[in-house]
Amino acid sequence: MSDYSDAGSDYYDSDDASAVDGTNDSDYDDEPALHPKGKDRTREIEHKSLSIAQLQSLVDNDISQVASIVGLESPIVSILLRHFNWNSEWLIEKYLDSASLVLREVGEPELASCSINLCPPPAKRIRLDSPSAPTEFVCGVCCDDSPLAVFRLRCQHAFCEPCWQEYVTSKIKDEGQCTFRCMHGDCRTVVDAPSVAKLADPGVYERYKELIRQSYVGAHPHLRFCPHPGCAETVSCSSGSGSSLLTEVPTVKCGAGHVFCFGCGMESDHRPLTCRFTKLWLENARDDAGTTQWIRANTRTCPRCGNNIEKNGGCNRIHCRHCDYQFCWLCMKDWTVHGYNNAVCNAWKEPEPKESETQAKQNLEKWLFYFDRFNNHEISAQLDEELCTRTEEKMVEWQETTKMSWIESTFMRDAVNELTRCRRTLKWTYAMAYFLKAGNQKQIFEDIQADLEKAVEDLSQLLEEPVEAETVKSLRQRMLDKTVYVRARHETVLRDTADGLAEGRWEWSTMAA
């Protein structure tokens, strides 16, 4: 979003074409560069990535702006903004109408509204031999009548400092609260930030500020934390909510390089399927997890000998070691007929109606058809990664005996990265095809899908070829060329599906209702 232009170049800029799909053309120095222009360019979602410091700066700026208008100290304004769910306009309007009513609603003591000094005084150490010592003081929590230090909140309720420290730490660390009230039973005064800083350890205070940032992000629909574990980045996106989710898939990339969906928060790129159908698909998949349908998606029975086979590579050509029969993992047809050709088995064919078959059975077969292919690409991506890792270890040895540089030897890693992105897209195209209504548009969609499917399988087949020192340079060139082609087909699928969503071209079946 353009509202945060004051941070300058520190932001992650999504204008680069690689921001959404994760590609980096600098990794392909030996291949022709692809620079789609105009309407050929994949639709991009405008977004900015914010670091912790940048997000904290946004929070502090909002507090400072409101404080300058209402004339209150920043810690009190922070409490007021949290009470009004960070809606500064609403707060200012209410405060200017009746300041006393707003302060009373939040629980602010009367004296605080007149003269606020939120720098807490040093905790007083009580000397028993001092004539001025308040010997009559008894902590209302632990009943200690001779505490070493007493802390008094701005509401004038005082307790011994150890009780305050334990209370504040528990509220922040154990309960995850950044807005909590005085320990006195009937008091509604909220503990302010300077008091927390005085009473809590530095680590607890940092957690307190983190909770405030979380409340800030939660109150602003255009902000979302990166869902990847351990990532502290926040993404600002002007779209990705409301009705826009029906016409686009708001895929964004944080400053740490993590791609996720801004609309539903899924920590992966689920293009081209919209958030609504993605949720529905995953619910159906979870319902089938652990059943025979799920097992069917992970194992196959040889069509000739009936031997059970588990897939151990990314390629769909399966070789039964028991009877030496080769067949397609997806459609189970003889590989000598099937082969690597344009007739890729990616399209669901409606069966001829049979009186003996119920509608429920036909729906189940359709679901299994698409779920098998969805799951197959997920498994194949993992197997391609494992194969690449094993091969890379061998290529490291070759670098020591040949003149091939390290950059030249990364071609297989580049190919696997592109395969992973394409398989991720392909698996979601099958989920999308499941919900699409049969017709010309679906047929065109499946044709484009088939082109990418075949290109991916061709590249996956190259990964399976034996890598020898004598043929590695030839294999490298073929793999680079195929990687460029696969990337182009991938862009075509993403562009066409995104255009279809924006134009309202796709028609959905009744099961998507």
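## Strand E7 and its partners

In this predicted model, strand E6 (residues 223-225) runs antiparallel to strand E7 through three bridges, and Phe225 has Thr234 as its bridge partner in E7. Strand E2 (residues 47-50) also pairs with E7 in the antiparallel sense, over four bridges, with Lys48 standing opposite Ser236. Two strands count as paired if DSSP finds at least two bridges between them, while strands (E, at least two residues) and helices (H or I, at least four) are DSSP runs numbered from the N terminus.

In a regular strand, side chains alternate between the two faces of the sheet. Within E7 (residues 234-237), Thr234 and Ser236 point one way and Val235 and Cys237 the other way, and all are buried, where buried means under 20% relative accessible area, exposed over 50% and partly exposed in between (1.4 Å probe, protein chains only).

## Helix H9

Helix H9 (residues 202-219) has 18 residues and reaches 26 Å from its first C-alpha to its last, close to the expected 26 Å, a span given by 1.5 Å times one less than the number of residues. Its buried residues, among them Tyr208, Leu211 and Arg213, pack against several elements, including helix H2 (52-70), helix H7 (161-174), E6 and E7; contact means heavy atoms within 4.5 Å.

## Nonpolar core

Trp164 and Val168 touch the most other members of the largest nonpolar core, which has 55 residues. Such a core is a set of buried Ala, Val, Leu, Ile, Met, Phe, Trp, Tyr and Cys residues joined through side-chain atoms within 4.5 Å.

## Basis of the values

Residues are numbered from 1 along each chain as its sequence is written, and side-chain values use heavy atoms, leaving out hydrogens and water. Because the model is predicted, local features need pLDDT of at least 70 and side-chain atom pairs count only at pLDDT 80 or more, whereas totals for chains, interfaces and linings use all residues.
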